[in-house]
Amino acid sequence: MKADACSNHPEATIGPAVSLSVLEKHPITDTHGRTIDHLRLSVTSACNLRCLYCRPGACPPSSRASLTDDQRVDLVSHLYSHRGLRQLRLTGGEPLLHGSIVDLIARIRDAAPDLSLAMTTNGLRLAEMARDLRNAGLDRLNVSLDTIDPTRYRTLTGGCVDHVIGGLSAALDAGFPPPRINTVVLRGHNDDSLADLAEWAIDRGFEIRFLEAMPIGQAAEFNRSRFVPEQRILRQIESRYLLRPLPSASGETSTRFVASNARHSGVIGIIAPLSKPFCGQCRRMRVTADGLLFPCLLDSRHISLSQCWERRSLDTHLADCLIDAAIAEKGLVGSLEQRTGMIKLGG
């Protein structure tokens, strides 16, 4: 994807003196008729875990300058006010390592009062930050938790599972709705205890979602070798629960079920990008901490938005042009040729 593609973009006919920033809302749509109104915005590539399915080896730090919080607020405000942005998810790396994350959330909330604002976190710092995050205007949390067994958790991630469990409790105490639990399933690591983990989550009122490991970046070969398909995940859960499918919302990535037995019931989800691709209803784009826009999680093609701030304030006309040109190349199905690691892309 090249910036000079914008020279032939239809919006260029508006003229240099006029930008979409002074026009009515103009939703971002791709050539397949999908409306792109969900943004995953990474605020850092740093992480305090070393999950095997994300970065099994050493990862050199990015040499590119990170966007500033001012630039992030500019971008979100413009997309919300003029391009139909409906949902924003803050990601990393680990977003709670971003020193000004609470202030950034408050600024985004002020700029976009009705925007659905969520975060995906590993939960290690959640106990100390949950109340501030909630007070700043964060709506929802997804927390990564692949096992509740302390030894297995340390092997998989290098961290302490008790900190995550404490963070989940703190989130509830702070007034968050019950966070969703994200569990990456790996053969030989946690695939034999999925029903136990589902029971643990349902007992506490959490919706848990089991994810197929994705062959992305440095962890691609590791994840292929330990891949567990959707049907095997479901068989594990069905050993303990009756599963009743729930209707899916537009743009939903997970297949959701009511899981019930004689003792209790709750909701589980399966995110199966390989067994059951959901590309056809994708409504997402991703911006990395250093300003690279990826229209597709599974495709390495991207475009840099950094040039949109060459005159300090956001050049909204150029931003619209670059975003529309990039989204126009968003494939109907992901290519599975993503060389950039998940730690940079934001899951």
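The following legends describe close-up views of a predicted model.

**View 1. Overall composition of the protein.** The secondary structure comprises 10 helices and 12 strands. Of the 347 residues, 54% count as buried. Among contacts with a separation of 6 or more, 73% are between residues 24 or more positions apart.

**View 2. The open sheet of 12 strands.** Pairing in this sheet is mixed, and the strand order is E7-E8-E9-E6-E5-E4-E3-E2-E1-E10-E11-E12. Strand E7 (242–245) and strand E12 (303–304) are the edge strands, each pairing on one side only.

**View 3. The pairing of strands E10 and E11.** Strand E10 (residues 284–287) and strand E11 (residues 292–294) run antiparallel and are joined by 2 bridges. Within this pair, arginine 286 stands opposite phenylalanine 294 of E11.

**View 4. Helix H1 against the sheet.** Helix H1 (residues 69–82) lies across strand E1 (38–42), strand E2 (87–91) and E10. The angle between H1 and E1 is about 180 degrees.

**View 5. The buried face of helix H2.** In helix H2 (residues 101–111), the buried residues are Ile101, Leu104, Ile105, Ile108 and Arg109. Viewed down the axis of H2, these buried residues fall within an arc of 135 degrees and therefore line one face of the helix. An α-helix has 3.6 residues a turn, so residues three or four places apart point the same way. The packing partners of the buried residues of H2 are H1, E2, strand E3 (116–121) and helix H3 (126–136).

Conventions: Residues are numbered from 1 along each chain as its sequence is written. This is a predicted model: local features need pLDDT of at least 70, side-chain atom pairs count only at pLDDT 80 or more; totals for chains, interfaces and linings use all residues. Side-chain values use heavy atoms; hydrogens and water are left out. Two strands pair if DSSP finds at least two bridges between them. Helices (H or I, at least four residues) and strands (E, at least two) are DSSP runs, numbered from the N terminus. Contact means heavy atoms within 4.5 Å. Axes are lines fitted to C-alpha atoms, for helices over the stretch in contact, and angles run from 0 to 180 degrees between N-to-C directions. Buried means under 20% relative accessible area, exposed over 50%, partly exposed in between (1.4 Å probe, protein chains only). The arc is that of the directions from the helix axis to the C-beta atoms.
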